[in-house]
Structure formats: C-alpha cells, structure tokens
Amino acid sequence: MSIEQKEPEVQTQTAATQRRYRTLAVVRQEAITRIEKPLEDSVFVWPHLLVREFFSATIVMVMVTLLSIAINAPLRAPANVNVTPNPAKAPWYFLGLQELLHYFPPTTAGVIGPGLVLVALAVLPYVDRNPSRAYADRKIAIVTFTMFVIFWAVITLAGSFFRGPGWLWVWPWQGLYFDL
Amino acid sequence: MSSTANKSLLDVATQKLVESQVWRSIFRHGYPDTPLNQSLVMMGNVFLHLHPVKVSRQAMKVTYSWCLGGISFFLFLLLTVTGVFLMFYYIPSTDVAYQNITQLSSAVSFGNLVRNMHRWAAHLMVVSVTLHMIRVFYHGAYKPPREFNWVVGVGLFFVTLFLSFTGYLLPWDQIAIWAITVGTNLAPYTPLLGDTAYKILVGGGAVAQPTLIRFYVAHVILLPLAAALLMAVHFWRIRKDGGEAGPPPPARRELEAGVERPMVGVTR
C-alpha cells in the first residue's frame, strides 16, 4: 500500500515472452478478506480492539495483585505420609469427580466417566450436525449442555463445601473443609 | 503547533527521535492514526500480527466475548513470568521443598507476593478457561468452519487442568501431598493399563520424591510447552477460520416472520 507503483518500462517482444510471474497473494473464498463482506461492519484493531485488550489485561493484573496482597496462598504443615487429613480432598476442580466417587465405583466415576466427558467434548462439533447457530434452532443442544454444566457445578460445590470428615454431609456453617 | 516558533523543546525532540534512523529502523510506519498506518502497525509488528487489521464490530464487543480467551492467555503469561521467578528459589526435593516455600514467603523480596500471584492466577486461569469454553458453546462458535479449533481448545482445557494439578504438589505440604494422593489413587482403576498408569504418573508405589520430580518437570517444561504449542495452533486457527464467530444470527423462523434485522456476523 505504501509502495508507489512505478510505471513498468515499455516491454520489448522478447521481454514479454520471458516474463516471469510471482505469486502476490492467494485469496481464498472463505478468507476474512472476502470482498463481499460489508466494510462498515468492521473497525480497525488499532485502536478499537487493542484498547479493550489493554484494559481487560490491566483489570486482571490489578485484581490478581490486590487478591495476592490481601490473601496469602495456603501452606499447611509439611507433608507427612503418616498423617492423613480427614477429609483428604483433591484440588477444587476435581471435587465433582470425588463427589461422584462417593456414589459409583472408581473405574466408572474416576476414569471412564471423566474420560467420556472429555471425549464427548472433543467430538461435539462432529456430533452436533445442526448447521444453525441461532439459539432458537439449538434448543436440544443448549438444554443438554446447560443441564450438564449445572450438574457439574452442583457436584463440585457439594464436594467443596458440603463434605467433611469421612465424606459425610456437612453444612458450610458447621465447618469448612476446603483448601484452594 | 503549525509554526515552528510555537514548537516546544519536547516537540522538537520527539520529532528528531521519530525521524532518526534508529527509530525508523524499528518502526516502519508513522503513528497509527491514519488507515494506512493503522494497517501497517498490525502487519509489521510481530506481537500485534496475531490480530487482523480489522475486526467485526459485533464480534469485538466486550459483552460478546467477555475477553475470556484473552484473559486466559494473559493469565498464562503472568503465570510464566511469576513461575520463572519462583523457579529461582525452589528445589524439587522432598527434603527442602517446603523450607524453600517458607523462606520464599519470609526472606525473599516480593517472594510472598509473587507466590500468592502465581497461586491465585492459576486458579483464575482454570476458571477463565472453563468460562471461555462455556461461552463458545452457547454462541455455537464451535460449528463449521471452527470444529477443529474447538478440539484444540478441549486439549488446552485438559493441559490447563494438569498444569494446575502438577503445580499443586510442589509446595510439599499436607494439602499438596494428600490432594495429589487422592487424585492419583484413581489411576490404578484405568481400564487395561491399571497399575501401569499409576506407576507412570507417580513413579513408584506412593507419592514421594519420584512423584515430586515428575510433577515438577511436567509443570515447568512439558505442560507449558504443550500449552504454548496448542495456543499457537489455536490463535492461528482463529484467523484462518475467519476470525471470531460473532453473535449468532437470528433463527430462520424469526427471519421468515419478517423481523428486520441486519445479517451481521454471517460469514457464509
């Protein structure tokens, strides 16, 4: 764009036959540079997107710093294989799984279950063949996924805040057994 | 500022600097306040060229993406920087690891702050990656042509969880060892592999020194490299698959009912 196009020299007959070609650009039909795309729909990344990214990064940075000034990362007694805490809990994002272990055998709840969830997530775009992205056309997908997310949130919360010694049900006001 | 007489010393110095050969060898465009320079800055800067020159106004809205993918990436960068700092003071040995943490928290300048930041940023990253995934699902942004980028994203989600999980063991306190014991005790129940899976993960019969070094190496090298590789593919594919998906279009029935709405965000 910045380079001024010079008028090409008048070419002789021999030069024209020996002319070599360079690939300047390959524009694919589905590329974002498609010419049919209305231009008024788009804005320059500098400054419009970059300013949003800058401020979201700044807000996160400030949040993390304030959180770190206010709350210390937990550190308990040195590791001791002879003293098992009761309850012994996994990291919070696995507490849903630990809650499931309370109801199902380890192979089902601990390995096959999460494995299937991961595989199901990975193949989702190939299973959900509905081409529409409109909410109204995707009722089954949205309801199924929402139910799954709620189920996962509930068992994670249950495992985090409602389970105490011996994995027995404990209300949060009776005692918190939760480490981050 | 049109006449030279009105120019302050700062203006003159700025102009000299911007016109100097050193400056012009680094920045091959003027200040990005014209469409040409706004394009050149995006194409000529290695960090900015992850982005296109222009984006869809709808897809760029904060209330559309909630910046969740970008925040996840930013937290990854923050974790890398704080993590390298922590590596200066941490030895993955069951004898001294715990002491390293207490010394770091009490005797090292900003040690406690940086450790806290690493811990909280790690938890926040698990949250932001999860929310990003949920957001992408509801917008149907995993649909063609973005199917494969969703799969890469699932891989990144998995790597994020295991980055957090491996980091959990390193302080070698009661939380660490028992959380990892509970987690790894599931490995023997893996169909077909069974105890082999446990031995590969833990490096022995129980969580001990071989586990610590395994988790440490995975935490500081293997998984960050895997994440970086997957992120490179993930970001590249966003561009190659036509940019952000943008808000879902109205349903077919709404269109047929004659609801006049501009077809923004429709790429095909």
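Trp172(B) counts as buried, because it has 26 C-beta neighbours inside 10 Å, and 20 or more are enough for that label. The model is a predicted one. Trp172(B) sits in the loop between helix 9 and helix 10 (174–184) of chain B. Its backbone is worth a look. Phi of Trp172(B) is near 55 degrees, a positive value in a residue other than glycine. Most residues other than glycine have a negative phi, and most peptide bonds are trans.

Phe110(B) also has a positive phi, near 60 degrees, and is likewise not a glycine. Find Phe110(B) in the loop between helix 7 (97–107) and helix 8 of chain B.

Now turn to the peptide bonds. In chain B, the bond from Pro144(B) to Pro145(B) is cis, with omega near 5 degrees. Pro145(B) belongs to the loop between helix 8 (111–138) and helix 9 (147–169) of chain B. Chain A has a cis bond between Trp46(A) and Pro47(A), where omega is about 10 degrees. Pro47(A) lies in helix 2 of chain A.

Next, follow helix 12 of chain B, residues 209–240.

Which residues of helix 12 of chain B are buried? They are Thr211(B), Leu212(B), Phe215(B), Tyr216(B), His219(B), Val220(B), Leu223(B) and Ala227(B). An α-helix has 3.6 residues a turn, so residues three or four places apart point the same way. The buried residues of helix 12 pack against helix 6 (68–87), helix 7, helix 9 and helix 11 (195–202) of chain B. Just after helix 12, Gly242(B) takes a positive phi of about 100 degrees.

Step back to chain B as a whole. Its domain assignment gives domain 1 (14–47) and domain 2 (64–242). The centres of these two domains, taken over C-alpha atoms, are separated by 38 Å.

Chain A comes next. Its secondary structure comes to five helices and one strand. Along the sequence they follow the pattern α-β-α-α-α-α. Chain A has 180 residues, of which 17% count as buried. Take the contacts in chain A between residues at least 6 apart in sequence: 44% of them join residues at least 24 apart.

Finally, bring the chains together. In all, 65 residues of chain A are in contact with 78 residues of chain B. On the chain A side, the elements giving two or more residues are strand 1 (42–44), helix 2 (45–70), helix 4 (106–127) and helix 5 (139–161). Which of them gives the most? Helix 2 of chain A does, with 14 residues. The residues on this side of chain A divide into 42 nonpolar, 13 polar and ten charged.

Strands also link the two chains. Strand 1 of chain A pairs with strand 1 (residues 54–56) of chain B in the antiparallel sense, over three bridges. Within that pairing, Phe44(A) has Lys54(B) as its bridge partner.

How values were computed:
Residues are numbered from 1 along each chain as its sequence is written. Chains are lettered from A and ligands numbered from 1 in the order in which they are written. This is a predicted model: local features need pLDDT of at least 70, side-chain atom pairs count only at pLDDT 80 or more; totals for chains, interfaces and linings use all residues. Two residues are in contact if their C-beta atoms, placed from the backbone, lie within 7 Å. Helices (H or I, at least four residues) and strands (E, at least two) are DSSP runs, numbered from the N terminus. Ala, Val, Leu, Ile, Met, Phe, Trp, Tyr, Cys and Pro count as nonpolar, Asp, Glu, Lys and Arg as charged, and the others, Gly among them, as polar. Two strands pair if DSSP finds at least two bridges between them. A residue is buried if 20 or more other C-beta atoms lie within 10 Å of its own, exposed if 12 or fewer, and partly exposed in between; C-beta atoms are placed from the backbone. Domain bounds come from an automatic or database domain assignment.
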